[in-house]
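Here is a quick tour for anyone meeting this structure for the first time. Have a look at it first, then read on.

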Amino acid sequence: MKRVIVVGNGMVGYKFCEKLRSRTTDLEVIVFGEEPRPAYDRVHLSSYFSGSTADDLLMAPLSWYAENNITLHIGELVTEIDRTAKTVKTHTGRSEAYDYLVMATGSGAFVPTIEGVERDGVFVYRTIEDLNQIISYAKKVKRGAVMGGGLLGLEAAKALMDLGLETHVVEFAPRLMPRQIDDAGSDILKHKLSQLGITIHTGKSTTKIEGNGKLEGLQFADGTTLDIEMLVISAGIRPRDELAKATLLNVHPRGGIIVDDYLRTNDDSIFAIGEVAVHNNMVYGLVAPGYDMADVVVRQLVGDTAKTFTGFDMSTKLKLIGVDVGSFGDPFCEKTPHIPIIFQNKHKGTYKRINITEDGKRLLGGILIGDASQYSMLHQMVALEMTLPENPETLIVGGGGGGKADEAAGVKGLPDAAQICSCENITKGALVQQITECGARTIDDIKKSTKACTGCGGCTPLVNDLLKITLESLGHKVKKSLCEHFDYTRQELYDLIKVKGIRSYNELLDVHGTGDGCEVCKPAVASLMASIWNELIVNQDTIQDTNDRYLANIQRGGTYSVVPRIAGGEITPEKLSAIGRIAQKYNLYTKITGGQRIDMFGARVDQLPEIWEELIHEGFESGHAYGKSLRTIKSCVGSTWCRYGVQDSVSFAVLVEDRYKGLRSPHKLKGAVSGCIRECAEAQSKDFGIIATEKGWNLYVCGNGGARPQHAKLLVADIDSDTCIKYIDRFLMFYIKTADPLTRTATWLNKMEGGLEYLYDVVVNDSLGIGEDLEKEMKELIAGYHCEWKKVVESPELREKFKHFVNSDESDPTLEYVDMRGQKCPTDWNKK
Amino acid sequence: MEQHNEIKVFEPTADTDIKVWFKAAPVHAFPENGGACVKYKDLQIAVFNFSRRGEWYACQNLCPHKMQMVLSRGMIGSLDGKPKVACPFHKKTFSLTTGECLNAEECSISVFPVRIEDGFVHIGFTQ
């Protein structure tokens with residue numbers, strides 16, 4: 001078997017191995033890496049400062065190499081190549097022979113020869129070891145600077161900021177990122193970065209690094225100085241070609257191993273890829289061209305010589321310190337006749353420039369700062385030489401709200417050949433095929449099958465849009481109609497039911513639906529009817545979802561839980577005792593809930609009416625712990641007892657819970673009232689939360705806990721109780737009427753066009769003029785309130801429904817319990 | 001749980017194999033477009049009154065997913081016109097004509113024929 005030796009285990013060296021092994025196991029592979037760890041993601045190095053560990057950054061774990069029959073020697077530097085004998089030798093004295101040699105030694109940080117550069121406190125920004133040293137030194141100092149305002153320099157600046165230092169950036173050229181953006185763009189970027197706390201110094205040539213032993217400051221050619229205690233040099237990279245030079249391979253005068261279109265050096269058996277290679281006088285400092293080079297070499301080794309390396313598009317889009325920056329095509333067009341169109345918004349910190357041909361037909365390149373949402377589309381337009389629209393300025397003006405829609409439309413307009421992921425060279429057509437033919441449904445599916453989004457991650461938003469559009473075209477419901485039985489959205493059904501006065505599911509299905517219904521539309525319609533008519537839901541019991549069917553939450557084993565309402569979480573000792581007595585009598589398991597009330601478990605269906613009869617007799621009502629309805633309004637003790645309370649939060653909570661109890665909605669509703677800013681009732685995680693202030697109440701909306709918690713947002717501040725109730729009335733009715741099925745208020749707001757501002761407009765400013773109607777509807781619902789358990793208890797006919805068997809009074813003989821801490825609990829159903 | 005171990009999975013039976021027509025309960029004891037549970041010897045049978053189709057169905061009350069006696073409390077409906085029931089716990093759906101699970105990899109449930117005679121619901125068994 002022939003053998004390939006790879007010198008260098010960086011990102012490109014690793015990618016070569018990955019691509020080779022995906023094509024053949026018929027070549028032996030040995031890799032030497034100088035660093036003490038296997039290949040890691042240097043592109044995302046700065047995430048090391050925000051929590052990623054060295055292991056998180058690994059391209060592949062050590063085990064991957066073993067599993068793929070690759071012998072990896074880390075911490076081993078190749079020191080000699082003998083081209084005649086075709087062997088390499090490392091610093092440990094080990095010697096290995098090769099049939100093919102792949103130089104992937106990359107580059108090292110360029111350290112300019114400035115007096116004092118050897119002082120303590122001066123670092124480069126390249127390896128994890130560098131980062132560890134930077135982190136350690138930063139603990140002892142307060143002011144740091146980065147030399148170099150290019151891509152890597154700005155990343156390093158963010159790192160210093162994250163480490164808590166006063167941060168400066170010193171750039172030799174008159175602007176930042178001189179190779180990607182122009183002067184005007186640099187000004188906007190500079191302004192944005194300074195708002196974040198970074199001081200930028202452009203046009204500064206450092207002449208001396210001063211200090212006594214350790215660094216104390218910088219001196220510049222124009223005579224100015226800068227006091228700093230730490231310096232990170234990020235002033236460029238230089239290819240690691242020393243080995244090539246020593247072995248007399250052709251090397252470019254400015255450094256780097258010269259290669260042809262096949263990435264071959266002047267020695268037939270030796271290739272060079274990645275940052276160490278010079279192709280057509282160009283060194284590529286991005287990872288995507290390096291991957292492409294690796295691909296070309298791998299193909300040759302397996303006998304496929306069709307593909308060559310013909311240069312690479314250096315367009316990039318990245319997020320620098322929270323600022324989006326994009327540069328594509330020819331950003332400057334210094335030598336090409338062109339017309340620049342520039343859109344600048346200093347207030348928002350955005351700068352967009354596109355260069356179009358003089359006849360206005362094609363796009364040559366551009367720069368985007370602050371808002372790079374149109375990057376992918378524009379980049380493709382350049383790459384594919386697409387014709388520009390009539391008014392090309394529309395491409396960059398009119399972002400913001402319409403931006404998202406534009407971007408999605410952008411993917412649609414791209415031809416199949418358009419390259420979506422440049423790191424792995426994946427086209428739109430290939431991605432669409434994964435979705436339409438290979439069953440890909442999520443970003444993870446796509447990552448697994450194609451490796452798109454796994455390199456720099458820049459194409460992820462575009463791939464997301466493509467997923468959405470393609471899935472929609474496959475018939476995944478574009479229109480949110482309920483199910484196969486109703487071709488209407490929930491909102492449309494709401495209107496139909498209300499306007500036509502339809503009060504039974506059967507009638508709705510007969511007149512406006514098809515088929516016989518199902519477990520999706522029945523509960524949805526039941527909920528709509530409850531929200532509109534508030535009639536006794538047990539009268540249409542068979543269309544109700546599980547918990548509403550028997551007005552109790554079904555538990556393992558088939559028994560139910562019983563939850564009486566305890567408004568505001570406030571209860572008298574007498575009532576507490578009553579609950580205790582009833583729970584003991586029926587041998588129920590009791591627990592206090594998150595909603596500040598008591599839950600009793602283990603009630604058989606036939607026991608429910610009896611238990612509720614006793615509870616009602618003691619003055620309790622249904623707590624609606626079941627159903628998509630209002631649950632509780634939690635409270636913390638306010639100005640009545642608490643030394644910090646500024647308003648009577650418990651009274652207000654009781655009032656609010658009593659007002660809205662029984663309300664049914666698209667999904668459950670939870671509220672809370674806190675007595676002061678300390679917020680002990682956790683109102684900010686509720687659908688509507690009220691927090692007391694000196695002047696009144698602050699009303700927050702659209703929060704929720706659960707699997708994806710989201711804090712509620714402040715709607716209005718310092719209002720009195722009546723106004724608060726008025727807004728909550730409107731807010732809840734608006735939600736009930738317009739939300740999709742099974743959507744919490746948080747999701748409803750997230751999807752709302754115009755977001756919180758729009759909601760505020762509708763609820764507080766009454767911009768739609770529906771405020772009065774909403775309040776009226778709410779009042780009607782409130783007036784129609786009845787305790788549904790009371791109704792069941794008082795009706796022998798309804799009580800008949802609560803039986804296990806229809807032809808026997810026996811209860812379910814299969815119920816089984818075990819003891820847990822003195823109370824009963826069902827046997828584990830996983831053990832059946 | 002000896003009772004569960006004794007239940008066998010059987011194929012939908014032809015009428016000629018029925019040995020017993022069990023008179024369960026009057027028609028009006030069952031809800032419209034919903035189900036109720038019938039006790040027959042040691043078995044629990046879910047019976048569904050699919051009023052809008054004018055049809056009756058019966059199947060085992062035991063949902064094979066987590067072995068719970070609850071199918072009779074599930075919602076019925078149709079999938080492409082074919083009658084089904086959804087288990088109240090996790091909404092696994094089963095065909096009411098063949099017993100097969102329609103939306104997951106679960107075992108099929110047993111189904112039984114139903115006859116209405118003199119205002120009473122009768123269920124057919126082979127034993």
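This is a predicted model: local features need pLDDT of at least 70, side-chain atom pairs count only at pLDDT 80 or more; totals for chains, interfaces and linings use all residues.

Residues are numbered from 1 along each chain as its sequence is written, while chains are lettered from A and ligands numbered from 1 in the order in which they are written.

**Where the chains meet**
- Chain B brings 31 residues into contact with 23 residues of chain A (contact means C-beta atoms, placed from the backbone, within 7 Å).
- On chain B's side, the largest share, 5 residues, comes from E2(B) (strands are DSSP E runs of at least two residues, helices H or I runs of at least four, numbered from the N terminus).

**A hairpin in chain A**
- Strands E30 (589-592) and E31 (598-603) of chain A run antiparallel and are joined by 4 bridges (pairing takes at least two DSSP bridges).
- Ile592(A) has Ile598(A) as its bridge partner.
- The two strands, E30(A) and E31(A), form a hairpin with 5 residues between them, and Gln596(A) in the turn has a positive phi of about 65°.

**Two helices in chain A**
- Helices H14 (490-500) and H16 (521-533) of chain A pack at an angle of about 50°, their axes 10 Å apart (axes are lines fitted to C-alpha atoms over the stretch in contact, and angles run from 0 to 180 degrees between N-to-C directions).
- Among the residues making this contact are Leu493(A) of H14(A) and Leu528(A) of H16(A).

Technical notes. Two residues are in contact if their C-beta atoms, placed from the backbone, lie within 7 Å.
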